[in-house]
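Dear colleague,

I am passing on the structure we spoke about, together with some notes on what was found in it. Please look it over alongside the text that follows.

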Amino acid sequence: MQSKTSLFSPVLFRKNVTRFAPLWGILLGVLLLSGPVAIMRYSSIDRTSIWMASFCNGSTISYLLMNFGYAPLCAALVFRYLHQTRSAYMMHAFPINRSTQYVTNLLSGLCFAVVPFVVQTLLSQLTAVGFRGSEQLWQVLLVQLLSFLFFYGLAVFCMLISGNTVIAMLSYVALNFIFAALPLAILVLMRSLTFGVNFELHTDRLSYLSPIIQLVRSATFGESKTRIGFWYPLFGYAILGVVLIVLGWLHYRKRHIEQAGEAMAHRWARIAFLLVFTLSCTLGLGMILTMIFSLGENIMQAAFPVLVFFFVVASFIGWFAAEMMLKRTIKVFRKRQLLGWLCAALVTVLALCALRFDVLGVQHYVPKEEKLASATLELGTYNYNINENSVSDAVIELNDPRLLHELLELHRDSLAQFDLGATGNYGYGTTITVHYHLSGGRTVNRTFDVQSHLIQPLLEELNTPENAVAYYDKLLGDCSFDPSAYIHLEAFRIGRIYECREPAALKDAMLQDAAEGNLPILFSGLDLEYDYYLYCPNANIHIPKTATHTLELFGVFPR
Amino acid sequence: MIEVRNITKTFRTVRALDNLSLTVPSGAVYGLVGPNGAGKSTLIRLITGIFRPDEGTITIDGQPVYENPAVKRGIAYIPDDVFYFPSANLAEMRRFYAGVYPSFSNELYYKMLSLFTLNERMPIRRFSKGMQKQAAFLLSIAVRPEVLILDEPVDGLDPVMRRQVWSLLMQDVAERGTTVLLSSHNLRELEDVCDHVGILHQGKLLLERPLSELQENVVKAQVVFREARELPNDLPVIHRSANGKIETLILRASQEQASAALAALNPVFYDLVPLTLEEIFVYELGGADYAVKDILV
């Protein structure tokens, strides 16, 4: 009869806690210095809620980064025995079953962090008596606990699927970045090898695949630390951490202990490791090799056969390096492995050729006029007020069938130019980005060059005061002038700053100037040649000297 | 009683154990011998519940071993390469063993500690290999196990300590009836302590018998005939060699049967000599295509 035992071994727990006391002791010391001691230092200077908010915001980011490094350390210490044959054999010879070992070790690692976190928060609360906003310290504790749970869960999972601590730690770091980096690299490659196809890089969405980046990014800006921006992902990651812990436990129950020391301790993990490592190496190393051996040219400018050659070389290096790590020998150049690499190389070549020669007809696709409802045009180098020296992103909505026809003609002309031998969308005109809105609701995005003289008629037709006002009305509306906008008076060279107390009046004055042709110009980057800058949350706007209404409003700026 | 039934264990493409069955009677001292790579350590790790068998069952007194702490509480295991928690000293290991094994006896531990020259407060990693082995023995015997499993137990010990360890082991077996399974390359030492022997080769059990049965059924005879002659076909000769007029015969027969058969041949002289374990293995299996010589030290 199978014995019924507890899932917790006090002996093992005591052994872990006492053996690794220096680790959590140091953490506790650091936390006490950064928590209660820091609060005590400032208690006689600043007890405002603003100070406390700033303190908590800074702490949040620090603890996220700290947990990113501390959690895998805890996981490595309590589960390292699985990666050494002697310790793995000995621990499994003891009368402690696997579930008990797993749960006890897991709780030990959790305690290394949870106990210091709780102690720090309690002492911080005591020292923060009299501070306004000290309740935010509980939120910091929640951040510490939830983020640790996720990072720890991920690290434990990596320790379990791996048979080697170094590989486990590398996997942990990779899993924090690779799912964001790989799609990004693929999109960059697709952009480089296709003409005109504007593959969207949704970096906001991609960052969710990189937990540490997403959490730090959303925690960096105090005002954006909303439920949706920060807490929801944090809770989501914490739940994911729990799921990974459960998966780790399920794996541990079936784990072959003899796999201690191997790179990966499970068949599917070995396959995943081989494929992901090869793909990463092919993309990363392929791009680097192409750039190095093409005398510093970018990927697009390199000859296609050269690019294919280096990607195949990179796939070779990636595949066999992964095999060497998995098999712990350099003798991996055998028939089976060579066949595997040949498959990987073939897929690489086919994918590159498919992209370059537009096998699916994506880059030569031009929407049919009858299916086109409207289009949005972005002109990279043209401002709406035809000031060629300014740099702005003019966005024009096109609904007129005649203008849409002209736009499609421009697109076809551009493709024809490319097919005649141009190597890419660089260097012979104006870059425009078009968002075709099809009648079915689908949007097709393309970026291509058109010769400057070809786009002029289209721009002149669009450059009417009505269009300009409509455009700026929308733009200024997007700017959402609020009391936080302010004016920087460069004319006096003293950087005086005024708060915008009448945003509606300012907006009306700017629109009036726009209607008369004195258009404010959006700018990116500082340009001290100009006189006035309006800073608002979403844009910086330069007010030209000719803008009489806006300037007048500045002159009698109300108190 | 340890019962291993039709065990198969494969490491990727290597079949370490192949449909192996073995029985260790209660209270027996069972010696497991075999050349390097025969599967001894794998079998021991399966019996101690470290490895999960691909096929077959392993039970101790009818209870499965794998993932069964109740059964494993009665097993003490000393691997060939002993492991202690890094930087732990003997006192810390004692506390751990005492917490994990309910049968652990502090009294016995301290009694035996006085026999060994071990510093309880010194980190075990600073011990010599032999001292680490002694520490493992100390802890394992103090568990007072029902089953003691030893993988190359006296490797690294000096001759005096070897004798002391075997003596302690035998004393424990005699007092408590502990079942012992041990593996070794050294047949001469096994002969002194084992009452059952199993020989492993390439993942299979070639032979498993009580030692006494082996020794009773094989005898060595030194014979001098008046003149060279052919031996009758019904004489169970395993091996025949000659040195001048003296012939050495290895016979698969009891002492009485061999004596009667040889007397019937009317030799000038004959004498029956007991065989060592080493000789039994050589002569029993010498004709087979097995690397028996590799087993021998």
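For the helix pair described here, the axes are lines fitted to C-alpha atoms, over the stretch in contact, and the angle between them runs from 0 to 180 degrees between N-to-C directions. Please keep in mind throughout that this is a predicted model.

In chain A, the axes of helix 12 (residues 304–327) and helix 13 (residues 335–356) come within 9 Å and cross at roughly 150°, and the crossing is right-handed. Among the residues that make this contact are Phe311(A), Trp319(A) and Lys327(A) on helix 12 of chain A, and Trp341(A), Leu352(A) and Arg356(A) on helix 13 of chain A. Taken by class, the contact between these two helices has 15 nonpolar, four polar and three charged residues.

Turning to the two chains, 31 residues of chain A and 30 residues of chain B take part in their contact. The area buried between them is about 2,900 Å², with carbon and sulfur atoms giving 58% of it; on the side of chain B, Arg12(B), Glu67(B) and Phe83(B) lose the most area to chain A, together 22% of what that side buries.

Between the chains there are three salt bridges, one of which joins Glu258(A) to Lys9(B), with the closest N and O atoms 2.8 Å apart. Seven residue pairs, both at pLDDT 80 or more, are in polar contact across chain B and chain A. The largest share of the side of chain B that touches chain A, four residues, comes from helix 3 of chain B, and the residues of that side divide into 17 nonpolar, five polar and eight charged.

With kind regards

Notes: Residues are numbered from 1 along each chain as its sequence is written. Chains are lettered from A and ligands numbered from 1 in the order in which they are written. This is a predicted model: local features need pLDDT of at least 70, side-chain atom pairs count only at pLDDT 80 or more; totals for chains, interfaces and linings use all residues. Side-chain values use heavy atoms; hydrogens and water are left out. Contact means heavy atoms within 4.5 Å. Buried area is the accessible area (1.4 Å probe) that two parts lose on being put together, summed over both. A salt bridge is a side-chain nitrogen of Lys or Arg within 4 Å of a carboxyl oxygen of Asp or Glu. A polar contact is a pair of N or O atoms within 3.5 Å; within protein, one must be able to donate a hydrogen and the other to accept it, and residues adjacent in sequence count only if both atoms are side-chain atoms. Helices (H or I, at least four residues) and strands (E, at least two) are DSSP runs, numbered from the N terminus. Ala, Val, Leu, Ile, Met, Phe, Trp, Tyr, Cys and Pro count as nonpolar, Asp, Glu, Lys and Arg as charged, and the others, Gly among them, as polar. A crossing is left-handed if the near helix is turned anticlockwise from the far one by less than a right angle, and right-handed if clockwise.
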